Amino acid sequence: MSEAFHIAEYNNLKAEILLKMRQVDDSFRFMLIAVAATMTWVVSNYKTFNDGLYVILFFVPLFISVSFTLYLIGLNKSVLWRTAYIRELERRYGDDSHGWESSPQHQRFAAKRTSYATARGLIYALNLLTLLFAGYMLVENTTIVEQVRALARI
């Protein structure tokens, strides 16, 4: 294939990566809003549901959080695949250590990965928070604690 084809492919891949990174940012914001809104709705409305059904509601924020997390993982893997391919194109057709993915500035950023670690930590913290929320609501609003105590006495 011609060099012009690979340059066009390179430019398209860069555009896709930037689009996916915007999707990651937007999805994370939407994830925070959706989880907070769902938690608020559950806290204010769970007593209006039939006995037993409200227990399922306690886990809805966790389901939303985990679903978004899996979606974000997919987006990140897609970005990683594209960046690896771009690095290969830069190695083959570019100058040494010049290019979008292989520049020294990018390599220093990629080596530290502090922003990735921070974002990943926030996502996992939100998942943990929703799990703790579900556990707290379950313990506070059901007879599970009394049932466990009764079983312990047996």
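Author: Buried means under 20% relative accessible area. Keep that in mind for this predicted model.

Reader: Okay, what makes Thr-69 buried or exposed here?

Author: Thr-69 has a relative accessible area of 7%; the cut-off is under 20%, so Thr-69 counts as buried. Thr-69 sits in helix H3, residues 60-93.

Reader: And what does Thr-69 touch, leaving aside neighbours within four places in sequence?

Author: Thr-69 is in contact with Met-31, Ile-123, Tyr-124 and Asn-127, those neighbours left aside.

Reader: Which residues touch the most other members of the largest nonpolar core?

Author: That core has 21 residues, and Met-31, Val-42, Tyr-46, Phe-58 and Leu-72 touch the most other members. Two or more residues each come from helix H1 (3-45), helix H2 (53-57), H3 and helix H5 (114-141). H1 gives the largest share, seven residues.

Reader: Take Tyr-46: what does it touch, not counting residues up to four places away in sequence?

Author: On that count, Tyr-46 touches Trp-41, Tyr-54, Leu-57, Phe-58, Met-137 and Asn-141. There's also a second, separate core of six residues, with Tyr-10, Val-79, Ile-86 and Leu-89 among them.

Reader: Now the helix pair. Why are H1 and H3 called roughly antiparallel?

Author: Their packing angle is about 165°, with the axes 9 Å apart. Angles over 145 degrees count as roughly antiparallel, so H1 and H3 get that label.

Reader: Which hand does the crossing of H1 and H3 have, and how many nonpolar, polar and charged residues are in their contact?

Author: The H1 and H3 crossing is left-handed. Their contact has 25 nonpolar, nine polar and seven charged residues.

Definitions and conventions
Residues are numbered from 1 along each chain as its sequence is written. This is a predicted model: local features need pLDDT of at least 70, side-chain atom pairs count only at pLDDT 80 or more; totals for chains, interfaces and linings use all residues. Side-chain values use heavy atoms; hydrogens and water are left out. Helices (H or I, at least four residues) and strands (E, at least two) are DSSP runs, numbered from the N terminus. Buried means under 20% relative accessible area, exposed over 50%, partly exposed in between (1.4 Å probe, protein chains only). Contact means heavy atoms within 4.5 Å. A nonpolar core is a set of buried Ala, Val, Leu, Ile, Met, Phe, Trp, Tyr and Cys residues joined through side-chain atoms within 4.5 Å. Axes are lines fitted to C-alpha atoms, for helices over the stretch in contact, and angles run from 0 to 180 degrees between N-to-C directions. Angles under 35 degrees count as roughly parallel, over 145 as roughly antiparallel, 65 to 115 as roughly perpendicular and the rest as oblique. A crossing is left-handed if the near helix is turned anticlockwise from the far one by less than a right angle, and right-handed if clockwise. Ala, Val, Leu, Ile, Met, Phe, Trp, Tyr, Cys and Pro count as nonpolar, Asp, Glu, Lys and Arg as charged, and the others, Gly among them, as polar.
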